[in-house]
Amino acid sequence: MENIEEQVAKVIEEAKEVEDSVSVHISKTISDEQTLRQRVLTLHSKIHSLRSSLYSLLPNNTTLVEKLDEDLERARCIVVDGDAATLLPAHAQGNFLRMFIGPINVRASRKDVQLKVKEEYNSYRDKTALLFLLFPALLLILRSWVWDGCLPAFPVQIYLAWLLFLYTGLALRENILRVNGSDIRPWWIYHHYCAMVMALVSLTCGIKGQPDCATKQRGVELFLQWAMMQGVAMLLQNRYQRQRLYTRIALGKAKRMDVVWGETAGVDGQLWLLCPMLFILQGFEAYVGILLLKTAFVGVVSEWQVIFCGVLLVLMAVGNFTNTVQTLMVKSRFKAKMRKSKSKQRLN
């Protein structure tokens, strides 16, 4: 009995000692972290300041300026892509994240955890791209072979519910990636917000059947065909973006948490295939929106949801087109700069 009492007393003392040691360790870690954080912030600011002043300090030596700028960009990527990035200020968590998960900090303190978040995002995009292609294809096949050319409401509503889930999942993941330092164009997040709203509104709209089912469901049919094209484009886009991002990471011009870089040099053959497909897709998206508006205004299907979704599709198509053109322009300027730099090197 006395032996047990002694053991319990020793365990209590050991627990107190461990608690004191851990407290000292945490205090020391916090103190060291503050010092390191200040060093990282100072270095990051110095890199930015040097890059801003290169052209003013060396106005007549463009070749040297471009070389030094590339060196400073590599230094910046070392800071923002390594473990030091966890000490840099994070993007503020927006209202969207707070609405779904509350005031919880989703910034990972370790780089390997951040990269797992990005890998999960890429995996989610790959899986949803396949479903984006197969789900509407199955509905259209069943429409022709089983349902006599007239889609029942229930499977279409299941598809719309899945779209709502898909776009909500993408928006949540992209917001978390931005908080963890990823460079995602804001438009794509806003695009997914619009798509979420459209899917939610569509769920409240009844799917019209007979009589004259073909006319009433023309917009639904075209939307499903557009979704199939979107699935193919997503698969190509995912592959292309990964390859061009890997190129920039290898050159030290991008960080591993980035998702899309507009000015990256990638696989030109895939780009020649991808860009026309994106423009056709955006035109088709606008056409579906205009058709929905026409259907509503001529009185075939006059619910407000049809008008709302038509307007939203047209706005999304315009936004996608504008963003794609801006990306191509930035990419073109980047390639022109690279060609100019190489020609100067050959002359020298």
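Student: Which residues does UniProt list for "transmembrane region"?

Tutor: The model is a predicted one. The unreviewed UniProt entry lists residues 128–147, 153–172, 271–293 and 305–330 under that term. Such annotations may be inferred rather than shown by experiment.

Student: Which residues touch the most other members of the largest nonpolar core?

Tutor: As a general idea, in soluble globular proteins nonpolar side chains tend to be buried together. In this structure, the largest nonpolar core has 45 residues, and those touching the most other members are Phe132, Tyr159, Leu163, Leu166, Tyr167 and Phe223. The elements giving two or more residues to this core are helices H4 (111–145), H5 (153–179), H6 (186–203), H8 (218–251), H9 (268–297) and H10 (304–347). H5 gives the most, with 10 residues.

Student: What does Tyr167 touch, beyond residues up to four places away in sequence?

Tutor: Tyr167 touches Phe132, His192, Ala195 and Met196. There is also a second, separate core of 6 residues, which includes Val40, Leu54, Leu72 and Val79.

Student: How is a pair of aromatic rings read, and how many aromatic pairs does a search of the whole structure find?

Tutor: A pair of aromatic rings is described by the distance of the centres and the angle of the planes. The search finds 11 aromatic pairs. The rings of Phe135 and Tyr159 have centres 5.0 Å apart and planes at 65 degrees, so this pair is edge-to-face. It links distant parts of the chain, since Phe135 lies in helix H4 and Tyr159 in helix H5, 24 residues apart.

Student: Are Phe135 and Tyr159 buried or partly exposed?

Tutor: Phe135 counts as partly exposed because its relative accessibility is 22%, and buried means under 20%. Tyr159 is buried, with a relative accessible area of 1%. Another pair, Phe223 and Trp226, is tilted, with 5.4 Å centre to centre and 35 degrees between the planes. Phe223 and Trp226 both lie in helix H8, 3 residues apart, about one turn of the helix, and both are buried.

Student: Which residues do ring pairs link into a cluster?

Tutor: Ring pairs link Phe132, Phe135, Tyr159, Trp162 and Tyr167.

Student: Where is Gln282, and is it buried or exposed?

Tutor: Gln282 is in helix H9. Gln282 counts as buried because its relative accessible area is 7%. Leaving aside neighbours within four places in sequence, Gln282 is in contact with Ala317, Asn320, Phe321 and Thr324.

Student: How many disulfides does a search of the whole structure find?

Tutor: A disulfide is a covalent bond between the sulfur atoms of two cysteines. The search finds 0 disulfides. Cys194 is partly exposed at 22% relative accessibility, whereas Cys309 is buried at 8%.

Note on methods: Residues numbered from 1 in each chain as written. Predicted model: local features only at pLDDT ≥ 70, side-chain atom pairs only at ≥ 80, totals over all residues. Heavy atoms only, no water. Core = buried A, V, L, I, M, F, W, Y, C linked by side-chain atoms within 4.5 Å. Buried < 20%, exposed > 50% of the residue type's maximum accessible area, 1.4 Å probe, protein only. Helix = DSSP H or I, 4+ residues; strand = E, 2+ residues; numbered from the N terminus. Contact = heavy atoms within 4.5 Å. Disulfide = S-S within 2.5 Å. Phe/Tyr/Trp six-rings, centres within 6.5 Å; stacked < 30°, edge-to-face > 60°.
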